[in-house]
Amino acid sequence: MLVNLEIKKTNLEKNLKIARSINENLICVIKDNAYGLGIENILPILLENKCDYFAVAYIEETLKIQEVLENLKLKNQNNKIKVMTLNYVKPENVEYAIKNNIELTVFNFSQLLDYLKILDEFFENTILKIHIKVNSGMNRLGFDENEILELVEIIKKYEIDPLNNESKNKVLKNKIEIISIFSHISDAENQVETEKQVEKYERILKIFDENNIKYQYKHLQASPLLFKYGQKYNYDFARVGMALYGMEPLSYDVGLLDVITVKSQIINIRNVKKNDKISYGGKGIVKQDSKIGIVAIGYAHGLQKQIENSGEAYILVNGQKAKIIGEICMDMIFVDLTDIENVEVNDEVVIVGSQKNIENGITKRITLRQAAKWARTIQDDILTKFGGIKKTVD
Ligand SMILES: *Cc1c(COP(=O)(O)O)cnc(C)c1O
């Protein structure tokens, strides 16, 4: 393929270090195939840097983790690595989770009862490991504050417990082990809202504590909360995704390094006359005689079509800005090369990332934040859309 996404290992490692300097205990979030970068590319780097706790979205993603561990011949280290799911796992996959020591997030009653039904129907003397998600204000997943007492009652029946009951019970009882009680902040840059959410989370924890429900960990930070307030909300872990991959978690830059470079090539150059129309629909009219480059990347590779409406989007050609003109096609774009010298077919171009001008040595950079602005979206959306293109680790 003509499009390539390069992953810069050393910058990922530096971002990891920056995150750890705030909270040294991370759950590295590699959900949705490591934000599109590929679990097979990202996980080996994280393992090499002693990360041992991972969060995925779906149970299927744990198969990819297994594959990576097998390839690295780390299978025997299996039990040192912990994996939790963040999204919904269907009851039919609970058996797989139990057998493979995968920790599931439980966020409402029907899910919990379905899991317990499976547990009691097919297992005995078995422990189901769960993370309980509580709703502090995001209103997406999680038990509400007024549901906690009811939840406590259910949990008590399955508690890993106190010696006592054990001897009385002839039947081997199934249990749930609560690994953590966690929540997610919806708007970290809004301090008033965030404080309200933290207070609610604390109140919920207190209900569990007052009812003597045992759990191991608490965690609240994702990248935005971690970088906005530093160590203020350090509980047992921070769940970090975007910061690792070089996305800036706040409205201002916190100094993370670029992890990806998206590159393609010029595959054709043509000269057009003033007022000629470029691409489909004729929206891209050139105002002067121009040199136009055709670059092999399009919306099929995840380049967001709406950036054509910004009127500002450019790519880097020999470290210089080359404006995108006309409609973006499925696997090609048009860029203005009129003011760029020494450019030829086959030249490498940069869509996101940095490139140096070979004549003057000056490097220019297109950040994910910049690309997101052109597309009127967020950095994560830009990054995950590149999920389908070929990746190399550098
Ligand atoms: C995705 C996700 C994270 C990681 O968030 P980042 O902002 O990418 O660091 C943490 N917690 C939950 C519940 C998530 O869904």
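Predicted model: local features only at pLDDT ≥ 70, side-chain atom pairs only at ≥ 80, totals over all residues.
Biologist: What volume does the largest pocket have?

Modeller: The space in the largest pocket comes to about 1,000 Å³.

Biologist: Which residues lie nearest the centre of the largest pocket?

Modeller: A lining residue is one with an atom within 4 Å of a pocket point. Here 39 residues line the largest pocket, and K31, H184, P224, M242 and D380 are those nearest its centre. Two or more lining residues come from each of helix 2 (31-35), helix 10 (223-229), strand 9 (237-240), helix 11 (368-374) and helix 12 (379-385).

Biologist: Why does the largest pocket lie between domain 1 and domain 2?

Modeller: Because domain 1 (9-245) and domain 2 (260-393) each contribute residues to its lining, the largest pocket lies between them.

Biologist: Now the second largest pocket. Which residues are closest to its centre?

Modeller: The second largest pocket has a volume of about 490 Å³. Its lining holds 25 residues, with I285, K287, K323, I324 and I325 closest to the centre. Strand 12 (284-285) and strand 15 (320-325) are the elements that give two or more residues to this lining.

Biologist: Which element gives the largest share of that lining?

Modeller: Strand 15 does, with five residues.

Biologist: And how does the lining of the second largest pocket divide?

Modeller: Into eight nonpolar, eight polar and nine charged residues.

Conventions: Residues numbered from 1 in each chain as written. Heavy atoms only, no water. 1 Å grid on protein atoms, 1.4 Å probe; cavity = no way out; pocket = protein on both sides within 12 Å on 5 of 7 lines; lining within 4 Å. Points joined across faces, edges and corners; volume = space filled by probe spheres on them. Helix = DSSP H or I, 4+ residues; strand = E, 2+ residues; numbered from the N terminus. Domains from an automatic or database assignment. Nonpolar A, V, L, I, M, F, W, Y, C, P; charged D, E, K, R; others polar.
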